[in-house]
Amino acid sequence: MTEYEEFESPEELLKAKRKERQLRKGKKKQSLLKNLLRFLTGCAIVFCVYYASTLKGWYLPKEIFDSFDPAFIQVVDNKIVKIDKVKSIMKQVKVPSAPIYMADLNELKYKLTSLAPVDEVYIRRYAFPARILVIIREATPVITIAPDPKVKPVAAFTREGKLIIGADYLPLPEEYKTIKVLSYGNKGDDYRQWDVNKIRLIQKICKYVETFSHEKVEYVDMRNPDDIYVKIQTVPVRLGQLDSGVFERIKRIPSILPQVAKVKGKVKYIDLSWEKVNYLKLE
(Lines give C-alpha, C1' and ligand atoms only; values in the text may rest on other atoms or scores of the structure.)
Protein backbone atom coordinates (compact mmCIF):
# COMPACT_ATOMS: atom_id res chain seq x y z
CA MET A 1 0.00 0.00 0.00
CA THR A 2 1.32 3.44 -0.98
CA GLU A 3 1.05 6.56 1.18
CA TYR A 4 -1.79 7.81 -1.03
CA GLU A 5 -3.90 4.62 -0.88
CA GLU A 6 -4.78 5.22 2.78
CA PHE A 7 -6.89 8.22 1.78
CA GLU A 8 -10.38 7.48 0.44
CA SER A 9 -10.57 10.54 -1.80
CA PRO A 10 -8.34 13.18 -3.40
CA GLU A 11 -9.90 15.82 -1.11
CA GLU A 12 -8.62 14.04 1.99
CA LEU A 13 -5.15 13.76 0.44
CA LEU A 14 -5.15 17.47 -0.37
CA LYS A 15 -6.16 18.32 3.19
CA ALA A 16 -3.34 16.18 4.59
CA LYS A 17 -0.77 17.85 2.34
CA ARG A 18 -1.97 21.28 3.35
CA LYS A 19 -1.73 20.31 7.00
CA GLU A 20 1.87 19.13 6.49
CA ARG A 21 2.81 22.40 4.80
CA GLN A 22 1.26 24.37 7.68
CA LEU A 23 3.24 22.32 10.22
CA ARG A 24 6.48 22.92 8.31
CA LYS A 25 5.76 26.64 8.11
CA GLY A 26 4.98 26.71 11.84
CA LYS A 27 8.26 24.96 12.72
CA LYS A 28 10.17 27.33 10.44
CA LYS A 29 8.59 30.36 12.12
CA GLN A 30 9.39 28.94 15.56
CA SER A 31 13.01 28.39 14.50
CA LEU A 32 13.28 31.94 13.16
CA LEU A 33 11.73 33.31 16.35
CA LYS A 34 14.16 31.32 18.52
CA ASN A 35 17.14 32.57 16.51
CA LEU A 36 15.87 36.13 16.78
CA LEU A 37 15.47 35.80 20.53
CA ARG A 38 18.98 34.37 20.82
CA PHE A 39 20.37 37.28 18.80
CA LEU A 40 18.50 39.88 20.86
CA THR A 41 19.57 38.19 24.10
CA GLY A 42 23.22 38.19 22.96
CA CYS A 43 22.99 41.87 22.04
CA ALA A 44 21.46 42.63 25.42
CA ILE A 45 24.23 40.77 27.22
CA VAL A 46 26.93 42.56 25.21
CA PHE A 47 25.30 45.89 25.92
CA CYS A 48 25.01 45.16 29.65
CA VAL A 49 28.63 44.03 29.84
CA TYR A 50 29.78 47.12 27.96
CA TYR A 51 27.65 49.41 30.10
CA ALA A 52 28.80 47.78 33.30
CA SER A 53 32.45 48.02 32.24
CA THR A 54 32.13 51.76 31.65
CA LEU A 55 30.80 52.54 35.12
CA LYS A 56 33.02 54.90 37.14
CA GLY A 57 33.20 52.40 39.95
CA TRP A 58 35.63 50.30 37.90
CA TYR A 59 38.15 53.12 37.32
CA LEU A 60 40.60 54.90 39.59
CA PRO A 61 40.25 58.71 39.52
CA LYS A 62 42.74 60.23 37.08
CA GLU A 63 44.46 62.42 39.70
CA ILE A 64 44.39 59.91 42.54
CA PHE A 65 48.18 59.42 42.75
CA ASP A 66 48.60 63.18 43.15
CA SER A 67 45.80 63.80 45.62
CA PHE A 68 46.36 60.55 47.58
CA ASP A 69 42.74 60.49 48.71
CA PRO A 70 42.43 57.89 51.53
CA ALA A 71 39.03 56.94 50.15
CA PHE A 72 40.82 55.41 47.16
CA ILE A 73 44.35 54.61 48.41
CA GLN A 74 45.50 53.07 51.66
CA VAL A 75 49.07 52.14 52.59
CA VAL A 76 49.70 49.74 55.49
CA ASP A 77 52.60 48.07 57.33
CA ASN A 78 55.10 50.82 56.43
CA LYS A 79 57.09 51.71 59.55
CA ILE A 80 60.45 52.76 58.13
CA VAL A 81 59.25 54.11 54.79
CA LYS A 82 57.44 57.32 55.63
CA ILE A 83 54.12 58.02 53.96
CA ASP A 84 55.53 61.16 52.32
CA LYS A 85 58.08 58.96 50.53
CA VAL A 86 55.28 56.72 49.28
CA LYS A 87 53.37 59.77 48.04
CA SER A 88 56.40 61.07 46.15
CA ILE A 89 56.80 57.68 44.45
CA MET A 90 53.15 57.56 43.43
CA LYS A 91 53.37 60.99 41.82
CA GLN A 92 55.92 59.50 39.41
CA VAL A 93 53.47 56.82 38.23
CA LYS A 94 50.70 57.29 35.68
CA VAL A 95 47.22 56.26 36.82
CA PRO A 96 46.02 53.28 34.72
CA SER A 97 43.15 54.03 32.35
CA ALA A 98 41.91 50.42 32.36
CA PRO A 99 39.28 49.05 34.77
CA ILE A 100 40.68 48.24 38.20
CA TYR A 101 40.60 44.47 37.54
CA MET A 102 42.78 44.96 34.45
CA ALA A 103 44.86 47.93 35.63
CA ASP A 104 48.63 47.54 35.26
CA LEU A 105 50.12 48.51 38.63
CA ASN A 106 53.51 46.85 38.11
CA GLU A 107 55.31 50.18 37.73
CA LEU A 108 54.07 51.34 41.12
CA LYS A 109 55.00 48.01 42.69
CA TYR A 110 58.48 48.08 41.11
CA LYS A 111 59.26 51.62 42.27
CA LEU A 112 58.15 50.89 45.85
CA THR A 113 60.07 47.60 45.97
CA SER A 114 63.24 49.41 44.86
CA LEU A 115 63.28 51.38 48.13
CA ALA A 116 66.06 50.10 50.41
CA PRO A 117 63.91 49.10 53.43
CA VAL A 118 61.28 47.30 51.34
CA ASP A 119 61.28 43.53 50.76
CA GLU A 120 57.91 43.01 49.08
CA VAL A 121 54.91 45.05 47.95
CA TYR A 122 51.41 43.64 47.53
CA ILE A 123 48.59 45.62 45.91
CA ARG A 124 44.99 44.57 46.50
CA ARG A 125 42.27 45.90 44.20
CA TYR A 126 38.69 46.74 45.09
CA ALA A 127 35.78 48.11 43.06
CA PHE A 128 32.73 50.34 43.52
CA PRO A 129 34.43 52.59 44.11
CA ALA A 130 37.71 51.52 42.49
CA ARG A 131 40.46 51.68 45.12
CA ILE A 132 43.73 49.99 46.07
CA LEU A 133 45.34 48.77 49.27
CA VAL A 134 49.16 48.89 49.21
CA ILE A 135 50.78 46.45 51.64
CA ILE A 136 54.49 47.13 52.24
CA ARG A 137 56.62 44.38 53.74
CA GLU A 138 59.81 45.91 55.14
CA ALA A 139 63.11 44.28 55.98
CA THR A 140 64.11 44.11 59.66
CA PRO A 141 66.99 46.42 60.67
CA VAL A 142 69.56 44.77 62.95
CA ILE A 143 72.40 47.31 63.01
CA THR A 144 72.50 51.11 63.10
CA ILE A 145 75.56 53.22 62.30
CA ALA A 146 76.57 56.44 64.07
CA PRO A 147 79.87 58.36 64.33
CA ASP A 148 79.48 58.85 68.09
CA PRO A 149 77.45 57.24 70.91
CA LYS A 150 75.51 60.46 71.47
CA VAL A 151 74.74 61.07 67.79
CA LYS A 152 71.63 59.77 66.06
CA PRO A 153 72.20 56.95 63.54
CA VAL A 154 73.04 57.98 59.99
CA ALA A 155 72.57 54.52 58.46
CA ALA A 156 71.22 51.07 59.19
CA PHE A 157 71.60 47.50 57.92
CA THR A 158 68.95 44.82 57.59
CA ARG A 159 69.60 41.20 58.47
CA GLU A 160 70.02 40.54 54.74
CA GLY A 161 72.81 43.12 54.56
CA LYS A 162 70.83 45.87 52.78
CA LEU A 163 72.02 49.38 53.60
CA ILE A 164 69.39 51.91 54.66
CA ILE A 165 70.61 55.47 54.55
CA GLY A 166 69.11 58.94 54.43
CA ALA A 167 66.64 61.16 56.25
CA ASP A 168 63.77 59.49 54.38
CA TYR A 169 64.14 56.44 56.64
CA LEU A 170 66.12 57.50 59.70
CA PRO A 171 65.90 57.65 62.63
CA LEU A 172 64.21 54.27 62.91
CA PRO A 173 61.05 53.78 64.97
CA GLU A 174 61.83 53.03 68.62
CA GLU A 175 60.32 49.56 68.37
CA TYR A 176 63.39 48.36 66.44
CA LYS A 177 66.07 47.13 68.85
CA THR A 178 69.30 47.23 66.89
CA ILE A 179 73.02 46.92 67.59
CA LYS A 180 74.59 50.37 67.57
CA VAL A 181 77.91 50.46 65.74
CA LEU A 182 80.24 53.46 65.77
CA SER A 183 81.92 54.09 62.45
CA TYR A 184 83.15 57.14 60.57
CA GLY A 185 82.66 55.40 57.24
CA ASN A 186 86.21 56.24 56.20
CA LYS A 187 88.38 54.48 53.66
CA GLY A 188 89.90 52.23 56.31
CA ASP A 189 86.57 50.51 56.93
CA ASP A 190 83.78 52.20 54.96
CA TYR A 191 80.50 50.75 56.24
CA ARG A 192 78.97 51.45 52.82
CA GLN A 193 81.06 48.52 51.56
CA TRP A 194 79.95 46.06 54.23
CA ASP A 195 78.17 42.92 53.14
CA VAL A 196 75.89 40.45 54.89
CA ASN A 197 78.91 38.49 56.22
CA LYS A 198 80.18 41.57 58.05
CA ILE A 199 76.74 42.15 59.54
CA ARG A 200 76.55 38.57 60.76
CA LEU A 201 80.05 38.81 62.24
CA ILE A 202 79.07 41.87 64.29
CA GLN A 203 75.90 40.10 65.46
CA LYS A 204 77.88 37.03 66.48
CA ILE A 205 80.44 39.11 68.40
CA CYS A 206 77.68 40.88 70.35
CA LYS A 207 75.98 37.58 71.12
CA TYR A 208 79.25 36.14 72.44
CA VAL A 209 79.97 39.21 74.57
CA GLU A 210 76.48 39.22 76.09
CA THR A 211 76.61 35.47 76.73
CA PHE A 212 79.94 35.57 78.60
CA SER A 213 79.48 38.92 80.35
CA HIS A 214 75.77 38.53 81.17
CA GLU A 215 75.41 42.19 80.28
CA LYS A 216 73.75 44.04 77.42
CA VAL A 217 75.95 45.43 74.65
CA GLU A 218 75.42 49.19 74.38
CA TYR A 219 77.46 49.70 71.23
CA VAL A 220 80.39 48.39 69.17
CA ASP A 221 83.15 50.91 68.45
CA MET A 222 84.62 50.21 64.99
CA ARG A 223 85.93 53.70 64.27
CA ASN A 224 89.41 52.18 64.23
CA PRO A 225 88.94 48.92 62.26
CA ASP A 226 92.18 47.50 63.69
CA ASP A 227 91.21 48.17 67.32
CA ILE A 228 87.59 47.23 68.11
CA TYR A 229 85.82 47.99 71.39
CA VAL A 230 82.53 46.63 72.67
CA LYS A 231 80.79 48.69 75.35
CA ILE A 232 78.80 46.67 77.86
CA GLN A 233 76.88 48.17 80.77
CA THR A 234 79.77 47.88 83.22
CA VAL A 235 82.80 48.79 81.14
CA PRO A 236 84.18 48.88 77.56
CA VAL A 237 85.87 45.71 76.34
CA ARG A 238 88.81 46.05 73.99
CA LEU A 239 88.87 43.19 71.45
CA GLY A 240 91.60 44.49 69.13
CA GLN A 241 91.51 43.08 65.63
CA LEU A 242 88.63 40.90 64.42
CA ASP A 243 90.87 37.96 63.66
CA SER A 244 90.28 34.22 64.01
CA GLY A 245 91.02 34.32 67.76
CA VAL A 246 88.53 37.04 68.73
CA PHE A 247 85.88 34.61 69.97
CA GLU A 248 88.35 32.75 72.17
CA ARG A 249 89.41 36.06 73.69
CA ILE A 250 85.79 36.97 74.41
CA LYS A 251 85.43 33.76 76.42
CA ARG A 252 87.90 35.19 78.94
CA ILE A 253 85.49 37.95 80.02
CA PRO A 254 84.07 35.99 83.01
CA SER A 255 87.55 35.56 84.48
CA ILE A 256 88.33 39.29 84.60
CA LEU A 257 84.94 41.03 84.88
CA PRO A 258 84.62 40.40 88.65
CA GLN A 259 87.82 42.39 89.18
CA VAL A 260 86.13 45.48 87.74
CA ALA A 261 83.86 45.70 90.78
CA LYS A 262 86.88 45.77 93.10
CA VAL A 263 88.24 48.94 91.50
CA LYS A 264 84.88 50.45 90.62
CA GLY A 265 85.12 53.80 88.88
CA LYS A 266 88.81 53.43 88.06
CA VAL A 267 88.67 51.05 85.08
CA LYS A 268 88.97 52.56 81.59
CA TYR A 269 88.45 49.26 79.76
CA ILE A 270 89.07 45.53 79.83
CA ASP A 271 91.85 44.70 77.42
CA LEU A 272 91.36 41.40 75.56
CA SER A 273 93.41 42.37 72.52
CA TRP A 274 96.26 40.03 73.47
CA GLU A 275 96.07 36.32 72.73
CA LYS A 276 96.94 34.96 76.18
CA VAL A 277 96.96 38.01 78.41
CA ASN A 278 94.02 40.07 79.62
CA TYR A 279 94.14 42.96 82.07
CA LEU A 280 92.28 46.03 83.28
CA LYS A 281 93.29 49.37 81.87
CA LEU A 282 92.91 51.93 84.66
CA GLU A 283 92.05 55.60 84.31
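In helix H5 (residues 196-213), Tyr-208 and Phe-212 lie four residues apart and are therefore separated by about one helical turn; helices (H or I, at least four residues) and strands (E, at least two) are DSSP runs, numbered from the N terminus. An α-helix has 3.6 residues a turn, so residues three or four places apart point the same way. The model is a predicted one, in which local features require pLDDT of at least 70 and side-chain atom pairs count only at pLDDT 80 or more, whereas totals for chains, interfaces and linings use all residues. Residues are numbered from 1 along each chain as its sequence is written, and side-chain values use heavy atoms, with hydrogens and water left out.

Aromatic pairs were assigned to rings of Phe, Tyr and Trp (its six-membered ring) with centres within 6.5 Å; planes under 30 degrees apart count as stacked, over 60 as edge-to-face and the rest as tilted. The count by this rule is seven aromatic pairs. For Tyr-208 and Phe-212, the ring centres are 5.9 Å apart and the planes stand at 40 degrees, so this pair is tilted. Tyr-208 is partly exposed, with a relative accessible area of 24%, and Phe-212 is likewise partly exposed, at 26%; buried means under 20% relative accessible area, exposed over 50%, and partly exposed in between (1.4 Å probe, protein chains only).

A further aromatic pair, Tyr-229 with Tyr-269, is edge-to-face, with 5.3 Å from centre to centre and 85 degrees between the planes. This pair links distant parts of the chain, as Tyr-229 belongs to strand S9 (residues 228-232) and Tyr-269 to strand S11 (residues 267-271), 40 residues apart. Both Tyr-229 and Tyr-269 are buried.

Phe-212 also touches Ile-250, Lys-251, Ile-253 and Pro-254, residues up to four places away in sequence not being counted; contact means heavy atoms within 4.5 Å.

An open sheet comprises nine strands in the order S6-S5-S4-S7-S8-S9-S10-S11-S12, with mixed pairing; two strands pair if DSSP finds at least two bridges between them. Its edge strands, S6 (163-165) and S12 (279-282), each pair on one side only. The twist from one strand to the next averages 25 degrees, where axes are lines fitted to C-alpha atoms, for helices over the stretch in contact, and angles run from 0 to 180 degrees between N-to-C directions.

At one end of this order, strand S5 (residues 155-158) pairs with S6 in the antiparallel sense over three bridges, and Ala-156 stands opposite Ile-164 in S6. S9 and S10 run antiparallel and are joined by four bridges, forming a hairpin with three residues between the strands; Lys-231 stands opposite Pro-236 in S10. By contrast, S10 and S11 run parallel and are joined by two bridges, Asp-271 in S11 being the bridge partner of Arg-238. Four of the five residues of strand S10 (residues 236-240) are buried, so this strand is largely enclosed by the rest of the structure.

Strand S2 (residues 118-126) and S3 pair in the antiparallel sense over eight bridges, with Val-118 opposite Glu-138 in S3. These strands form a hairpin with four residues between them. Phe-128, in the loop between S2 and S3, has a positive phi of about 55 degrees although it is not a glycine. Phe-128 counts as partly exposed at 47% relative accessibility, and ring pairs link Trp-58, Tyr-101 and Phe-128 into a cluster. A cis peptide bond joins Phe-128 and Pro-129, with omega about -5 degrees. A cis peptide bond also joins Leu-170 and Pro-171, with omega about 0 degrees; Pro-171 is found in the loop between S6 and strand S7 (179-182).

In helix H3 (residues 83-90), Val-86, Ile-89 and Met-90 are buried. Viewed down the axis of H3, the buried residues fall within an arc of 95 degrees, so they line one face of the helix; the arc is that of the directions from the helix axis to the C-beta atoms. The buried residues of H3 pack against helix H2 (64-67), strand S1 (73-76), helix H4 (106-113) and strand S3 (131-138).
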